[in-house]
Amino acid sequence: MIAARPAEGAAGRARTGISLGRRVRHRTAVVLVWLSVAIVLLPLAHMFAMVTSHAVRALSPKLFTTSTAGVAGGLENAIVGTIQLVVLATVAAVTLGVLGGIWVREFASPRAAFPVRLAADVLAGVPSIVIGYFGYVTMVTWLGWGFSLLAGALALAVIMLPYVLRATDLAIGRVSEELRDASTALGATQAATLRRVILRSALSGIVTGALLAVGIALGETAPLLYTAGWSNYWGLLPSFTHNPVGYLTYVVWTFINQPFAEAHALAYAAAFLLMILVLLLNVVVRRVIVRHTEEAR
Amino acid sequence: MIREEDATGREHRDPGIVSLPEEPVDEPRANRAMFVLDGFDLYFGRAHILKGITLEIPSNQVTAIIGPSGCGKSSLLRSLNRMNDRVPGMRVEGKVLFEGDDVYGQSVDPVTLRRRVGMVFQRPTPFPMSIFDNVAYGPRLHGLAKRSELDRVVESSLRDAGLWDVVKDTLRKPATALSGGEQQRLCIARTLAVDPEVILLDEPTSALDPSATTRIEELLQRLAERYTIVIVTHNMQQAARVSEDTAFLLSGELVEFGPTDKIFRAPDDRRTEDYVTGRFG
Ligand SMILES: Nc1ncnc2c1ncn2[C@@H]1O[C@H](COP(=O)(O)OP(=O)(O)OP(=O)(O)O)[C@@H](O)[C@H]1O
Ligand SMILES: [Mg+2]
């Protein structure tokens, strides 16, 4: 019994086999990792809780069935306007951005690709209010479209474009040469390889970039103030020019400065809807992507 | 067919693996030349990669290419189906004939050539799609759309690659879920589905464990009855086990080419002997 004890101790130490110093460092690292996670997640959770609690007052079916009237009413016009603006902007930005990204990565000579990449990166860094003002000068006044859906959507599209283009460019770049070779060796042309293998492999990267861009567009206010204006009305078949459009971020930005509880509630409700929209969009689109890439068509 | 000793007297083969078509005894091989290389040079920009390669690759057998790292084995293999075309500054001199046609001539379309000369790579390269779609990739590419036909081609290719029994119930599952060895056999099946005449393999087993390697080697032996096979390998035992002829490359030059037996037992060139006995490389 007594003789067995030291042996047991040795066996125990051999089993864990890790020195005290290493264990302490491991623990510290784990704690730090969780701390960083908390630092990121806590403010997000707090913000979500705060927005939700303030928005509760305004959350009712009425929110979706009536439009704003002054600083009261519902958000119907703003919801429809936001969707119209962002859908139109997304169609434009994704079409141009994906084609541009493919061109830069697959077809452009290095000398032609460099300025395009540089321009995209610079554009991504331009403050959105500058793009809004540029849109105002060109589309709203010079082209004479007035505050309108088209002007607002194109301003958003310009903001989205570099993200989509660079995401496409990089996602295609990450597809291994081996996969490209394998397709080529089966007798595929460059176009067939691109369509059937490369874009398929790059799809989730491209979609991630597009979703990021859509999230940014949903949250923009400044460029829309200059291009879309604001309206208490909406049309299902919108006129693309000459009619201003309402949007949710305007409500957040303007109504919060009003001295009325109802206006505040509407502002928080608008913010709440934007967050839900971004969340849903991410969850749904990712689901679709996973299904699309992993399973047979 | 399992024999201890084949017509050329290669009794060192593992009898469990060997399965060769009948060859007439004491007669030169009846196989025709599938590829003929005549003074073939390959340049990547200013780098002279292959230097005056002259050799004939016979049909319906396994030919091995060996040599130290960087000697140009892959480049030689990829010259046969024009996979080097995308390398910037690629230039060739001399001739590569595939069944009499000049591979680098005007009349040869590389896309068509690659349908007849398939290739399998070092690392398995399943496409991000289902097992079925992987195998059906080539046939679909070349216009086969009828479901029943596709089903038939996919099944027979997977059977030939010895993978059918493993995957027949999971054809809709992503190919990336297979093990490495299974993925490599899937890549072979995918190549077979295009119905090529030649299969080029660039170190196809170097990423696999020994048992997966054995399965691929057995498979190659079986396939050699119907296809011409060229394999690049770093593994000397593998070359000895699977091939009839072996080419030894060194710094872009073909040092020696002949029956595998001779290359390993009584090579003409001193450098070949040094390499196969492990004195360098
Ligand atoms: N795409 C390329 N561009 C420029 N040089 C290349 C390219 N591919 C290969 N080379 C060069 O060609 C030479 C031969 O390379 P290759 O890949 O054919 O050798 P290898 O015998 O297959 O080597 P390993 O056994 O390591 O695979 C090397 O010097 C290599 O640096
Ligand atoms: Mg190689």
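**Ligand contacts and chain architecture in a predicted two-chain model**

In this predicted model, an oxygen atom of ligand 1 lies 2.7 Å from an N or O atom in the side chain of B:Lys73. The side chain of B:Ser74 also places an N or O atom 2.6 Å from an oxygen atom of ligand 1. For B:His234, the corresponding distance from a side-chain N or O atom to an oxygen atom of ligand 1 is 3.1 Å. Ligand 1 taken alone exposes 630 Å², and the protein buries 58% of that area.

The shell around ligand 1 holds 13 residues. The closest are B:Ser69, B:Gly70, B:Lys73, B:Ser74 and B:Ser75. By class, the shell has five nonpolar, six polar and two charged residues. Helix α1 of chain B, residues 73-80, supplies the largest share of this shell, with three residues.

Helix α1 of chain B also holds B:Arg78. B:Arg78 has a relative accessible area of 16%. The cut-off for a buried residue is under 20%, so B:Arg78 counts as buried. Beyond its neighbours within four places in sequence, B:Arg78 is in contact with B:Met83, B:Asn84, B:Met119 and B:Phe121 of chain B, and with A:Asp181 of chain A.

Just after the helix, A:Gly187 takes a positive phi of about 90°.

The overall makeup of chain A was examined next. Chain A has 12 helices and two strands. From the N terminus on, its elements run α-α-α-β-β-α-α-α-α-α-α-α-α-α. The radius of gyration of chain A is 26 Å, whereas a compact globule of 297 residues would have one near 19 Å. Along the principal axes, the C-alpha atoms of chain A fill a box of roughly 95 × 60 × 35 Å. Of the 297 residues, 39% count as buried. The accessible surface of chain A is about 16500 Å², and 71% of it belongs to carbon and sulfur atoms. Among contacts in chain A with a separation of 6 or more, 76% join residues 24 or more positions apart.

A:Phe240 and A:Leu150 are 90 residues apart in sequence, yet their C-alpha atoms are 5.1 Å apart in space. A:Phe240 sits in the loop between α10 (222-227) and α11 (248-255) of chain A. Leaving aside neighbours within four places in sequence, A:Phe240 is in contact with A:Leu88, A:Ser148, A:Leu149 and A:Leu150.

Chain B has a secondary structure of 10 helices and 10 strands. Of its 281 residues, 54% count as buried. The chain exposes about 12000 Å², and carbon and sulfur atoms supply 48% of that surface. Residues 24 or more positions apart make up 66% of the contacts in chain B with a separation of 6 or more.

B:Glu203 is not a glycine, but has a positive phi of about 45°. B:Glu203 lies in the loop between β7 (198-202) and α7 (210-223) of chain B. With a relative accessible area of 10%, B:Glu203 is buried. B:Ser251 is not a glycine either, and has a positive phi of about 50°. The place of B:Ser251 is the loop between β9 (245-250) and β10 (253-259) of chain B. At 46% relative accessibility, B:Ser251 is partly exposed. Thus B:Glu203 is buried, whereas B:Ser251 is partly exposed.

Technical notes
Residues numbered from 1 in each chain as written. Chains lettered and ligands numbered in written order. Predicted model: local features only at pLDDT ≥ 70, side-chain atom pairs only at ≥ 80, totals over all residues. Heavy atoms only, no water. Near = heavy atom within 4 Å. Polar contact = N/O pair within 3.5 Å; in protein donor to acceptor, adjacent residues only side chain to side chain. Areas by Shrake-Rupley, 256 points an atom, 1.4 Å probe, with all protein chains shown as cover. Helix = DSSP H or I, 4+ residues; strand = E, 2+ residues; numbered from the N terminus. Nonpolar A, V, L, I, M, F, W, Y, C, P; charged D, E, K, R; others polar. Rg over C-alpha atoms; globule rule 2.2 N^0.38 Å. Buried < 20%, exposed > 50% of the residue type's maximum accessible area, 1.4 Å probe, protein only. Contact = heavy atoms within 4.5 Å.
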